[in-house]
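Hi,

Here is the structure I promised to pass on.

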Amino acid sequence: MSKHKDTIKQYAEYLHRGDREQLLSLVTDDFVFEKKGQPALQGKEVLLAMIDNRDGIVHKDAGSQIPTHKFDRIIEEGDTVSVSGTVLVPQPDGGQLELLFSDYVVFRGDLVSRIETYMIGPVGPQN
């Protein structure tokens, strides 16, 4: 597996554990996070807000729990890695919200410099 793909897996692991220092070590100082349809956010404080559940973007209804990502596909081309899968967002009532996601992760050297994410609710069976 490539170094970029390994970094993405580490990123998800550190995010799930709430490991602030390790997560910040994987991104550039001018890191940008953009959920399509919302303004892009810049800086390492964006990640801290996500870990602390203060972001209002990724898991605003999750209470104190952090979502879990399950990767279906990771494709790399140059300094960009495409990741798709499912994110399970814990809900205050004990249930889970399941979202589909597709991320474009851009690297500068060995560090993540930008994540562009698309999230949608799962599509039901087609007739």
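Below is what turned up, going from the sheet to the side chains.

One thing to keep in mind while you browse: this is a predicted model.

**The sheet**

Start with the strands. There are six of them in an open sheet, and the order across it is S2-S1-S6-S5-S4-S3, with mixed pairing. The edges are taken by S2 (41–42) and S3 (68–77); each has a single partner strand, so one side of each has no neighbour in the sheet. Helix H1, residues 3–17, packs on this sheet and touches S1, S3, S4 (80–90), S5 and S6. Its direction makes about 160° with that of S3.

**Around strand S6**

S6 covers residues 111–120 and pairs with S1 (residues 27–35) in the parallel sense, over five bridges. Within that pairing, Glu 34 has Glu 116 in S6 as its bridge partner.

S6 also pairs with S5 (residues 96–108), this time in the antiparallel sense and over nine bridges. Here Ser 102 has Tyr 118 in S6 as its bridge partner, while Tyr 104 stands opposite Glu 116. S5 and S6 make a hairpin with two residues between them. Gly 109 sits in that turn and has a positive phi of about 65°.

Is Thr 28 buried or exposed? This residue of strand S1 has a relative accessibility of 6%, and because the cut-off for buried is under 20%, Thr 28 counts as buried. Its side chain makes a polar contact of 2.9 Å with the side chain of Asp 30. Setting aside neighbours within four places in sequence, Thr 28 is in contact with Lys 44, Arg 108, Leu 111, Val 112 and Ser 113.

Both Asp 30 and Arg 108 come back in the next part, as they form a salt bridge with each other.

**Salt bridges**

How many salt bridges does a search of the whole structure find? It finds eight, and here are some to look up.

- Asp 30 and Arg 108: their side chains meet at 3.1 Å, N to O. This pair links distant parts of the chain, with Asp 30 in S1 and Arg 108 in S5, 78 residues apart. Asp 30 is partly exposed at 31% relative accessibility, and Arg 108 is partly exposed at 47%.
- Asp 19 and Arg 17: the side chains meet at 3.0 Å, N to O. Asp 19 counts as partly exposed at 23% relative accessibility, and Arg 17 is partly exposed as well, with a relative accessible area of 49%.
- Glu 34 and Lys 36: the distance in this salt bridge is 3.4 Å, N to O. Glu 34 counts as buried at 14% relative accessibility, whereas Lys 36 is partly exposed at 31%.

The Glu 34 and Lys 36 pair belongs to a network of salt bridges that also takes in Arg 114 and Glu 116.

Cheers

Key
Residues are numbered from 1 along each chain as its sequence is written. This is a predicted model: local features need pLDDT of at least 70, side-chain atom pairs count only at pLDDT 80 or more; totals for chains, interfaces and linings use all residues. Side-chain values use heavy atoms; hydrogens and water are left out. Two strands pair if DSSP finds at least two bridges between them. Helices (H or I, at least four residues) and strands (E, at least two) are DSSP runs, numbered from the N terminus. Buried means under 20% relative accessible area, exposed over 50%, partly exposed in between (1.4 Å probe, protein chains only). A polar contact is a pair of N or O atoms within 3.5 Å; within protein, one must be able to donate a hydrogen and the other to accept it, and residues adjacent in sequence count only if both atoms are side-chain atoms. Contact means heavy atoms within 4.5 Å. Axes are lines fitted to C-alpha atoms, for helices over the stretch in contact, and angles run from 0 to 180 degrees between N-to-C directions. A salt bridge is a side-chain nitrogen of Lys or Arg within 4 Å of a carboxyl oxygen of Asp or Glu.
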